[in-house]
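Try each task on your own before you read on.

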Amino acid sequence: MKGKKVAWSQLYNKYGVLLILLVEIVVFTLLSDSFFTLKNLLSIGRQVSFTGIAAVGATFLMVAGGIDLSSGSLLAFSGVLSTMLMVKHHVPMAAAILITLAAGAAVGLINGVSYTRFHISPLIATLAMQTILKGAAYLLTNAAPVYGISNSFRLLGQGYLFGLIPIPFIIMLIIFAFGFWLLGASRFGRHIYAVGGNEEAARLSGINTRRVAMIVFAGSGLFAALAGILMAGRLGSGQPSIGADFPMDVITAIVLGGVSINGGSGKLSGVLVGVLIMGILSTGMIMIGLSDYLQWVIRGVVLLFAVAVSNINSQTH
């Protein structure tokens, strides 16, 4: 029986997410005539970009054994911060973006300090940060959207390269390329895997585990902030109310892609497929007319499935 479980686990690791992606495409193509069209596929590419960008940073953190539940509120906070800097305080666009990215990294560092210095579980630390940032986003804006951004800023979220490929999708691919190198070919990537696999053993082998933790927490905040900036450009405004389901989509995509919830294993190639699965699922459900309530149920089932598979994989390795 155990041998069958191991064989199933190995089969899923090799082909599972690709099969799920293929089945999704076939099903939604059959159910909707307008699904498998260039216009819709490019729209899905733009949609998955925001989740994908945040997922890269969150993957570094999860491989190292952490988790970040604050990405949704940071998405909203970064959007309103960047737009307020430009609209209310007339800060140049480049400076506003850099300040917002620095703020996102600082939020991640605070989460890292909570974990490394005060030994607060990442689950609790980032859950608290989620609430703090949600309140901060509403306080900054008085609960009102921030309008009046420039066309240049809108271009980041709404524009196309060569009039065809969404700019956020291009940015996502560049960030994934960086992530592939970092996790797969760099010394720091090996340290991330070592810390996630066995933090104490990593420390005894000479790895500065606190430094690794601080960097991956900061990276998670940085990429979530970038996603928030691009989302504000996409929406044409800073919206304090967005991002409620964002952390669940990010985590589901990562775990679907084969990253262990216990840390120490996983590849970004699988995460990229997981991001596409979540994006296609979301778009497909809307196109075939499923109610919001049923969509929530299905998203929850997908998350449970992803975690169950992750636990089976952990038990068979």
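Phe-180 is partly exposed, with a relative accessible area of 38%. Keep that residue in mind for the first exercise, and remember throughout that this is a predicted model.

**Exercise 1. Work out how the rings of Phe-176 and Phe-180 are arranged, and where the two residues sit.**

Solution. 
- Start with the helix: Phe-176 and Phe-180 are 4 residues apart in H7 (residues 167-185), so about one helical turn separates them.
- Next, the rings. Their centres are 6.0 Å apart and the planes make an angle of 50 degrees. Pairing needs centres within 6.5 Å, and planes count as stacked under 30 degrees and as edge-to-face over 60, so this pair falls into the tilted class.
- Finally, the surroundings. Phe-176 has a relative accessible area of 1%, so call it buried; Phe-180, at 38%, is partly exposed.

**Exercise 2. Find out how many aromatic pairs the model has, then classify the pair Phe-28 and Phe-35.**

Solution. 
- The count comes to 6 aromatic pairs.
- One of them joins Phe-28 and Phe-35, with 5.7 Å from centre to centre and 40 degrees between the planes, which makes it tilted.
- As for accessibility, Phe-28 and Phe-35 are both buried.

**Exercise 3. Track down the salt bridges and say where each partner lies.**

Solution. 
- A search of the whole structure turns up 2 salt bridges.
- Take Arg-203 and Glu-200: their side chains meet at 2.4 Å, N to O. Both residues belong to helix H9 (residues 199-204), where they are 3 residues apart, about one turn of the helix.
- Check the accessibility of this pair. Arg-203 is at 44% relative accessibility, so it counts as partly exposed, and Glu-200 is partly exposed at 40%.
- Now go to Asp-249 and Arg-299, whose closest N and O atoms are 2.5 Å apart. Asp-249 lies in helix H11 (residues 246-256) and Arg-299 in helix H13 (residues 292-315), so this bridge ties together parts that are 50 residues apart in sequence.
- Both Asp-249 and Arg-299 are buried.

**Exercise 4. Decide how helices H8 and H10 are oriented to each other, and list the residues that meet.**

Solution. 
- Look at the axes of H8 (residues 187-197) and H10 (residues 209-235): they come within 10 Å and cross at roughly 105 degrees.
- Angles of 65 to 115 degrees count as roughly perpendicular, and H8 and H10 therefore belong in that class.
- On the H8 side, the contact has Phe-188, His-191, Ile-192 and Val-195. H10 brings in Thr-209, Val-212, Ile-215 and Val-216.
- Sort them by class and you get 6 nonpolar residues, 2 polar ones and no charged ones.

**Exercise 5. Check the backbone at His-119 and Phe-162: what is the phi of each, and is each residue buried or exposed?**

Solution. 
- His-119 isn't a glycine, yet its phi is positive, about 55 degrees. You'll find His-119 in the loop between helix H4 (93-116) and helix H5 (122-141). With a relative accessible area of 62%, His-119 is exposed.
- Phe-162 isn't a glycine either, and its phi is positive at about 60 degrees. Its loop runs between strand S1 (160-161) and strand S2 (165-166). At 75% relative accessibility, Phe-162 is over the 50% cut-off and so counts as exposed.

Notes
Residues are numbered from 1 along each chain as its sequence is written. This is a predicted model: local features need pLDDT of at least 70, side-chain atom pairs count only at pLDDT 80 or more; totals for chains, interfaces and linings use all residues. Side-chain values use heavy atoms; hydrogens and water are left out. Axes are lines fitted to C-alpha atoms, for helices over the stretch in contact, and angles run from 0 to 180 degrees between N-to-C directions. Helices (H or I, at least four residues) and strands (E, at least two) are DSSP runs, numbered from the N terminus. Angles under 35 degrees count as roughly parallel, over 145 as roughly antiparallel, 65 to 115 as roughly perpendicular and the rest as oblique. Contact means heavy atoms within 4.5 Å. Ala, Val, Leu, Ile, Met, Phe, Trp, Tyr, Cys and Pro count as nonpolar, Asp, Glu, Lys and Arg as charged, and the others, Gly among them, as polar. A salt bridge is a side-chain nitrogen of Lys or Arg within 4 Å of a carboxyl oxygen of Asp or Glu. Buried means under 20% relative accessible area, exposed over 50%, partly exposed in between (1.4 Å probe, protein chains only).
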